[in-house]
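I opened my notebook to keep track of what I looked up in this model. Here are my entries, in the order I made them.

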Protein chains: 2
Amino acid sequence: MKANIKETSQKRIVIIGGGFGGLKLARQLSGADYQVVLLDKNNYHQFQPLFYQVATAGLEPSAISFPFRKIFQKAENIHIRIAQVLKVIPEQNQIFTSIGSIDYDYLVIAVGTDTNFFGNQKMMDKAQPMKSVAEALSLRNTILKNYENALLVENLEVRKGLMNIVVVGGGPTGVEVSGTLAEMKRYVLPKDYPELDFDLMQVHLLEGSPRVLGTMSDKASDKAKKYLLELGVNVSLNARVKDYDGLTVFLEDGKTIRANTLVWAAGVTGNKIEGLNPAVIVRTNRIKVNSYNKVEGYNNIYAIGDIAYMTNAQYPNGHPQVAQVAIQQGELLAKNLKGQLKNKTFKAFSYKDLGSMATIGRNKAVADLPKVKFQGFFAWLIWMFVHLMSIVGIKNRLLIFINWAWNYVTYDQSLRLIIEPKKTQSKK
Amino acid sequence: MKANIKETSQKRIVIIGGGFGGLKLARQLSGADYQVVLLDKNNYHQFQPLFYQVATAGLEPSAISFPFRKIFQKAENIHIRIAQVLKVIPEQNQIFTSIGSIDYDYLVIAVGTDTNFFGNQKMMDKAQPMKSVAEALSLRNTILKNYENALLVENLEVRKGLMNIVVVGGGPTGVEVSGTLAEMKRYVLPKDYPELDFDLMQVHLLEGSPRVLGTMSDKASDKAKKYLLELGVNVSLNARVKDYDGLTVFLEDGKTIRANTLVWAAGVTGNKIEGLNPAVIVRTNRIKVNSYNKVEGYNNIYAIGDIAYMTNAQYPNGHPQVAQVAIQQGELLAKNLKGQLKNKTFKAFSYKDLGSMATIGRNKAVADLPKVKFQGFFAWLIWMFVHLMSIVGIKNRLLIFINWAWNYVTYDQSLRLIIEPKKTQSKK
């Protein structure tokens with residue numbers, strides 16, 4: 001069955017995924033002489049860099065989730081559908097989706113990545129990933145429920161388990177979430193739970209390599225580690241998790257940590273798309289593309305962002321899987337596709353690295369910018385400014401700013417809510 | 001097994017339910033020479049008058065949900081537990097709950113009401129109630145999913161069903177939600193869904209009695225009806241629903257309406273508490289109390305708010321089930337219980353009716369105040385002011401005010417999100 005999308009005389013570009021890359025591409029194509037079909041599993045774009053603030057009750061989900069329909073209200077050529085893509089059939093220029101099949105003239109795969117559990121089924125069942133707003137909310141609910149349950153038990157070991165939190169993976173997400181949790185331990189939780197002794201609570205950050213923030217400069221790594229230790233995070237480097245049963249974390253060196261909450265931020269793997277030539281799929285499911293983001297061996301299929309594997313002299317192992325690469329690739333592909341209408345030739349992608357940043361806590365951040373590296377209060381201000389400016393919509397910026405300012409002054413928030421909507425079903 | 005709550009030398013007051021009545025009572029008892037245990041199914045107080053704005057994507061759930069632990073951070077004698085109460089055992093001064101048994105010296109039942117489906121199982125399965133934040137969120141998700149699905153179908157009848165919304169019950173909730181939906185039809189939805197023809201969409205309000213807002217003045221009723229009609233709501237009075245199969249609403253007079261969304265706001269019934277003498281339970285599960293809110297036949301059990309059935313010359317059929325009664329009863333009971341410590345005698349309850357209000361849409365509200373009845377823009381301003389002032393916390397007031405002002409100016413919102421956190425489990 002064909003999905004119900006009106007056919008026009010325009011060529012149709014189907015974009016799978018409305019993350020940083022897909023969204024940028026669609027926005028740049030709005031008003032262009034193409035029909036654009038944007039498919040996503042959700043009806044909103046998710047601002048991934050702030051998931052950890054949702055998980056730690058610092059921001060409302062709506063502050064970092066932007067409904068596609070609102071973003072594209074004025075774009076007549078953009079058609080949005082909530083759908084799961086099941087398969088590509090390149091020879092028919094068609095994809096199979098949960099809402100029926102859809103023909104394309106050009107296909108852009110921008111499906112991004114999901115949590116990589118490296119095949120560990122137990123981890124998949126018991127650990128908390130944080131790769132979507134829904135997962136961040138679920139982590140928030142889990143942490144709060146564990147504290148409520150800690151009140152109910154008298155056994156000290158059991159109580160410790162409910163209070164402890166282990167974060168696996170010392171990348172930006174792991175660093176940011178463990179730093180924030182340590183701050184909550186200090187400023188917020190003891191006020192909420194005066195009946196609990198917070199000396200019992202431990203926040204652990206486990207990183208398999210010799211340093212946190214491995215993709216950043218040594219200086220940033222060192223400083224981030226120092227900040228984490230100051231906040232009271234137990235940082236373990238060269239620490240690999242062997243197993244987790246939902247109650248105890250087993251490390252490869254034989255150590256164990258009792259913790260009912262394990263946040264898994266240790267790696268990502270590309271979301272799978274069936275139907276492409278297996279030869280173009282490389283490690284962690286990325287899709288080989290040329291310097292125009294065209295998938296190898298295909299004429300009208302592109303891949304951008306985290307899922308794309310583009311190599312060159314500077315990036316022999318592919319570009320970093322970060323927002324900026326996705327945004328710049330989306331922008332260039334839009335330009336190239338629009339140029340094509342005027343018979344212009346495609347321009348090759350060249351990544352302009354704007355640098356990277358991570359925040360560890362109140363007044364504490366590290367920034368590696370192209371020309372300068374710095375840490376501390378100023379980095380933290382820059383971090384906030386950059387993230388605020390990246391947020392879609394003036395009202396959202398305003399609301400986030402109020403939330404942040406409020407938290408800064410009061411050390412407190414009122415978002416520690418366990419809200420779980422009843423599951424809904426929509427019938428046709 | 002006993003629930004883990006430290007015993008002190010203070011007498012223990014157990015409050016079941018943190019709605020308007022229970023919350024007021026607990027707040028007034030904070031710092032008093034009692035140990036107070038506040039039990040609720042959720043970890044937050046819900047501001048019921050604005051549920052409809054959550055359901056219609058006008059407000060975030062967090063704006064009207066207030067974590068108990070934050071409210072009582074400075075109240076050392078208040079102990080909060082998330083629990084379901086299963087049974088009261090009056091002869092042992094004990095309750096059974098989902099977290100174990102709890103002894104009490106005084107018990108206050110403030111469990112409020114839930115949706116009354118009048119035993120109609122089909123309605124229970126297919127209709128959308130709106131008596132909690134979680135249900136309001138679920139209604140928001142349902143409506144949005146139905147619009148997404150409307151895009152996918154070509155059959156006009158099926159599409160109409162997905163777009164139509166039937167609201168059953170013409171009390172404040174029904175009036176407010178149908179008015180807001182009609183406004184969304186006019187201002188918001190056509191912009192979000194340019195591919196749909198909104199002339200197809202109908203909002204129906206079905207009321208079984210001869211008028212909407214039956215508890216308010218005739219003038220308020222008439223004006224509310226007029227406003228609803230102006231907004232394009234199909235108001236049917238003396239209209240009773242016989243059946244609903246999830247797709248078609250069958251009325252008693254033989255008419256049918258195709259609608260996948262049916263909002264049920266047609267009545268409430270008390271949340272059940274097992275273990276009390278059945279003789280004190282009257283119609284719609286209310287509990288008979290004397291003028292001190294003491295449950296008939298018991299010495300240390302009280303009931304306040306919607307669940308309490310207190311009659312006198314002025315209210316021969318019990319007091320109205322509204323927030324003000326609950327708040328005033330909670331306040332008086334706190335005063336009486338505190339007075340008891342100084343051997344003061346209890347004061348009898350006397351309801352001070354502050355009037356009632358309902359808002360129908362932008363610039364449109366009706367107000368019956370004790371000395372004056374008025375409708376229109378001024379009533380709408382008063383409505384907003386009163387509700388804003390009733391909200392817990394300055395930041396929440398500020399955020400709601402920004403949201404409202406933003407909506408007022410832009411006719412638009414960015415909360416049309418379908419967010420469903422994964423279910424979480426907390427293990428002990």
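This is a predicted model: local features need pLDDT of at least 70, side-chain atom pairs count only at pLDDT 80 or more; totals for chains, interfaces and linings use all residues.

I started just past helix α1 of chain B, where B:G31 takes a positive phi of about 90°. Helices here are DSSP runs of H or I with at least four residues, and strands are runs of E with at least two, numbered from the N terminus.

Residues are numbered from 1 along each chain as its sequence is written, while chains are lettered from A and ligands numbered from 1 in the order in which they are written.

Next I asked how many residues of α1(B) are buried. I found 8 of the 10 in residues 20-29, so the helix is largely enclosed by the rest of the structure. Buried means that 20 or more other C-beta atoms lie within 10 Å of the residue's own, with C-beta atoms placed from the backbone. Among the buried ones are B:F20, B:L23 and B:K24. They pack against several elements of chain B, including β3 (44-46) and α9 (323-341); contact means C-beta atoms, placed from the backbone, within 7 Å.

Axes are lines fitted to C-alpha atoms, for helices over the stretch in contact, and angles run from 0 to 180 degrees between N-to-C directions.

Then I traced the sheet. It is open, with 5 strands in the order β5-β2-β1-β9-β21 (chain A) and parallel pairing; a pair needs at least two DSSP bridges. The edges are β5 (78-82) and β21 (301-303) of chain A, each pairing on one side only. Neighbouring strands are turned by 20° on average, direction ignored. Between β9 and β21 of chain A I counted 3 bridges, and A:L107 has A:I301 as its bridge partner.

For domains, I noted domain 1 (11-115 + 269-341) and domain 2 (121-266) of chain A, with bounds from an automatic or database domain assignment. Their centres, taken over C-alpha atoms, are 32 Å apart. The contact takes 14 residues from domain 1 and 17 residues from domain 2.

Last, I compared the copies. Chain A can be laid on chain B with an RMSD of 0.0 Å by a turn of 180° and a shift of 0.0 Å along the axis, which is the relation of a two-fold axis. The superposition is by least squares on C-alpha atoms of residues with pLDDT of at least 70 in both.

Technical notes. A residue is buried if 20 or more other C-beta atoms lie within 10 Å of its own, exposed if 12 or fewer, and partly exposed in between; C-beta atoms are placed from the backbone. Two residues are in contact if their C-beta atoms, placed from the backbone, lie within 7 Å.
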